[in-house]
Amino acid sequence: MTPVIEARSITKRFPGVLANDEVSISLERGEILALLGENGAGKSTLMNVLYGLYKPDEGQILINGTPVTFHDPRDAIKSGIGMVHQHFMLIPVMTVTENMMLGEELTKGSAYISAAIAAVVGGVIGYMLGGPGAPQGIMAAVIWVLLSAALLGIQLAGIKLPLSRTLFGTLAGLVVGVIFELVSQSTGQAPFDFPIWIPFGVLIGLLASVRWLDTALVANRIRKLSSEYGLEVDPNAIVGDLQVGAQQRVEIIKALYRDAEVLILDEPTAVLTPQEADDLFEVMRRLAARGVSIIFITHKLREVLAIADRIIVLRRGQVVGSATPAEATRESLAQMMVGREVLLQVRKKEAQPAEPVLEIHDLVALDDRGHRAVNGVSFNVRSGEIVGVAGVQGNGQTELAEVVTRLREAKSGHIRILGEDVTHDPPREVTHLGTGHIPEDRHRHGLVLAYPVADNLILSDYYRDPFSQGILLNEPSIVENAKYLVDQYDIRTPSIFTLVSTLSGGNQQKVIVARELARQPRLLVANQPTRGLDVGSIEFIHNQIVAARDSGAGVLLVSAELDEIMSLSDRIIVMYQGRVMGSMPVAEATREQLGLLMAGVEAESRSAVHAAA
Amino acid sequence: MTTGAIDQPKSVGFRPDGTQWVIGILLILGALAPVFSPMFARKPIPLNLALEQGVTPVRIVTLLVVMALWAYWVWRQPGAGKAFRVPLLAVLTAFVVGAVVLVLAAGQDKSLGDRLFLALRGYGAMLDGAFLKKAALTNTLVASTPLILTGLGVALGFRAGLFNIGAEGQYVIGAIFAVFVGYAIHLPPIIHPIAVMLAGMIGGGLWGAIPGILKAKLGAHEVINTIMMNSIAILLADWLINNLMKDTGSSSAVRTPIIDTSANLPQVVEIFPKMTGNVLHLGFFIAILFAVAVWWLLWKTTIGFELRTAGSNLDAARYAGIRAERTIILAMTLSGALAGLAGAIQIQGTTRFMPTFFAAGYGFDAIAVALLAFNHPIAVIPAGLLFGALQTGAEVLQIRTGASKHIVSIIQALILLFVAAPALIRWVYRLRATPDAGTEQVAMTRGWGG
């Protein structure tokens, strides 16, 4: 069977990096192919080549056996490839229908409408201006109708223009207007002193080339696709109001709307809750059954084994192996991805907790809407101990971490760090005392995307020795610090002056981790530290967190991944609706017990409910 | 967020390395040497004659071609030079549309052929008036001085994420403070002009600090407040000049007394007698100095780091311990101080007193200048020169061709439109967006989000 899409020996070079090294993959019709790899392995690059965002330096892409060349995503879309990116490309203030139409070609229907309107307006007003009843008037009417027809003809013939269509039409109208003006002036029949035909020409040219939006047509098509593939979506909903899972469905329909036969999903479950991820898998199976072929990129080994028909692993730009879920295990896949044995379970020594570094007492804090997000929480974190806060997202963990790092005000209660009451101190105080913070939203709180790596690495320390003396920045020491940290933490970046926005998510997180840990904090607050990262980066960051603990720091770990909590923590507390539901040493915790507490079910024995000191 | 970003450039924007800078400067000097060399000959001739003889169209064209080749060479570095494309194309497109407007508005009873030729003659006249005629170049430099300084103020504000629309009012208040120190307080030379400039900076800084404080403490948006402060400033100045600061001796115009000669900014001709720069005063060079100073502040100091970080990402700045309030007030004060300095220098260098209609729209042109320079202090210099050239060229345009000199307002507005909406230029010319457009977009879009 001819593969529906095949990439043969794709090679792509960037300055300083060989992103894809003779990569060949093929996809059969109706197959779900999983692409696994670390950050920097080349998966995103390969997908961008397939989608026409990059041109391969060598190699071929074949669609149904025929070689094709893509100059931009439009070509790829025309060949039936659709892509759903990790960060959605939707406009929140527009409706689903309007988002669907973005970048869409002019539908033939509206080209006729534009031309017709232009012809009527041009003909009638031209006739009246030229002199009704006189030959000049008729000539004027004819010329403007002809212009509209010519512009329509150019659009229908699909001639590629150097300028955008509307501008071309406007300029064409301008030229005709100028010529007409010259002619009418030379024959002495200009209707006014003012060269009226020139702006008139511009107007008619514009009218004939303008595009009209046909929302009803698009909305109907959306409804049809929605019912055909079982993707529930309301065409009139405003995208910003939709849940993340619904937004993702809109993105998938966007691809299907453009007649995608191959769907590329980039980290689709990174933003979904476990339930939404299951729904997505259902959708994928349905799509595959109806002949849509799917390539999806993911780091989650568990999902790959659950949904994929076939798995391909990339490492450092090369294909290092393929497998099926039947033959592979999480360990074998991880080993292929990283090239060595990977410990999926963090190996750590017993904790040696000492005196408390963080004491929280009866803390109450409000969320952005004024509700009590943290509702009377008390617990301690001791030096040399990792306390994991488990819980479904949205139960106050984020607000808790923000209050501890002083990005949010506490309504009541006390926070003590290393014995100092910091409940109302500014963030810099907390940093001074020796707190490091890995924020949940790395783009918003952790990094300045417009800055280079070197500047981000000194984001919280720029005002101190040795990075500045007085108000003068000490550039050599900033550069030295950056070089040292990039090396120490294996941050993959072309240079320390590269803008951090171009780094992959894993490397961006490494920048944050490097910055915070380089300060050798006494208290580390890590909020979703490995969200959206690959196995290699996750292992690295976990090791760093354990190393911080072993050197005497106390770690407050907040995570929505129960696996992470259970493998890293020494003690686990569970939050539900702003309260601590239970606290226990990790040895006593089971998934079932934690799951119940996370759902708000009170534990049987009273001792588990009271927070242990 | 960039996931599948378009081909990522290796370097960061237009960054000529050391060798390229040296070669570029040598090229400019080499191309201009024949123009200036008669001044240093055995029988030296003054600057304006040298310019008149030396600046021929051939020389200009040669210089432009040479610089274009150099720019292309630097451009060919991966990623280098892409940052220049949008502003250059914006200016070019604005001139094209301006030509169309010239054609359309060329008065009654003109044939089409006449009109088209008029556009060409008009631009030729502007070029003459800005650069080529005798003393035109110095006029341009003098006209650019307030534009560069106010542009610096606005650009600094943008870098800190603030929309300072109040440069006009800060300019006027700075001028008020300055002119007062100029005529009412008597100090020895050298100290007096410096004091006058300082007074201008204090006045402008104060006028900028007020909306800054309102934003920092109350969250009141600076766009509204600065616009309102403009009105207050202009009317206040008018009242002061008509009443408290009125020069009772002057019969014709209502104005303040003339400032002491000790407070004047010396003309270049006084320092270098061989150059009859007739109106060129030290202010231009002070403006250049301040441009370098602002660049140094923004990129070499901790204060600048805080301002830029707050402008790029206020959340990350807060996390980094930067106090938003302090940064906002500081940025608005500095921004206003620069505009106030412009007012002071304008008085010290040109008029030497303050008339009632002093504000000439510099504060609003400054916004266009800052945006055209993409808020980079060094780029404000050529941007300010361009707008200054438009201003001086416009006078000659009106004299020679009868077209209204307000055509330059149209051109300036178009430049501003195209630069503020770079997507428009990219759409017309089918350019690809560059990933390091990050800074410019952040500065623009932060406005209403607070």
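Which residue forms a salt bridge with B:Glu306? In this predicted model, the partner is B:Arg326, with the closest N and O atoms 2.9 Å apart; a salt bridge here is a side-chain nitrogen of Lys or Arg within 4 Å of a carboxyl oxygen of Asp or Glu. B:Glu306 sits in helix H12 (residues 302-312) of chain B and B:Arg326 in helix H14 (residues 324-351) of chain B, so the bridge ties together parts 20 residues apart in sequence. Helices (H or I, at least four residues) and strands (E, at least two) are DSSP runs, numbered from the N terminus. B:Glu306 is buried, at 10% relative accessible area, while B:Arg326 is partly exposed at 45%. Buried means under 20% relative accessible area, exposed over 50%, and partly exposed in between (1.4 Å probe, protein chains only).

As for ground rules, the model is predicted, so local features need pLDDT of at least 70 and side-chain atom pairs count only at pLDDT 80 or more, whereas totals for chains, interfaces and linings use all residues. Residues are numbered from 1 along each chain as its sequence is written, chains are lettered from A and ligands numbered from 1 in the order in which they are written, and side-chain values use heavy atoms, leaving out hydrogens and water.

Over all chains, the search turns up 29 salt bridges. One of them joins A:Arg522 and A:Glu355 at 3.8 Å, N to O. This pair links distant parts of the chain, 167 residues apart: A:Arg522 is in the loop between H18 and S19 of chain A, and A:Glu355 in the loop between helix H12 (330-338) and strand S11 (356-366) of chain A. A:Arg522 is partly exposed, at 34% relative accessible area, and A:Glu355 is partly exposed too, at 43%. Another bridge pairs A:Arg549 with A:Asp570 at 2.9 Å, N to O. Here A:Arg549 belongs to helix H19 of chain A, and A:Asp570 to the loop between helix H20 (562-568) and strand S21 (571-576) of chain A, 21 residues away. A:Arg549 is buried at 2% relative accessibility, and A:Asp570 is buried at 14%. There is also a salt-bridge network made up of A:Asp461, A:Arg464, A:Arg515, A:Glu516 and A:Arg519.

A:Gly52 follows H1(A) and has a positive phi, near 85°. A:Asp490 is partly exposed, at 34% relative accessible area, but A:Gln528 is buried at 7%.
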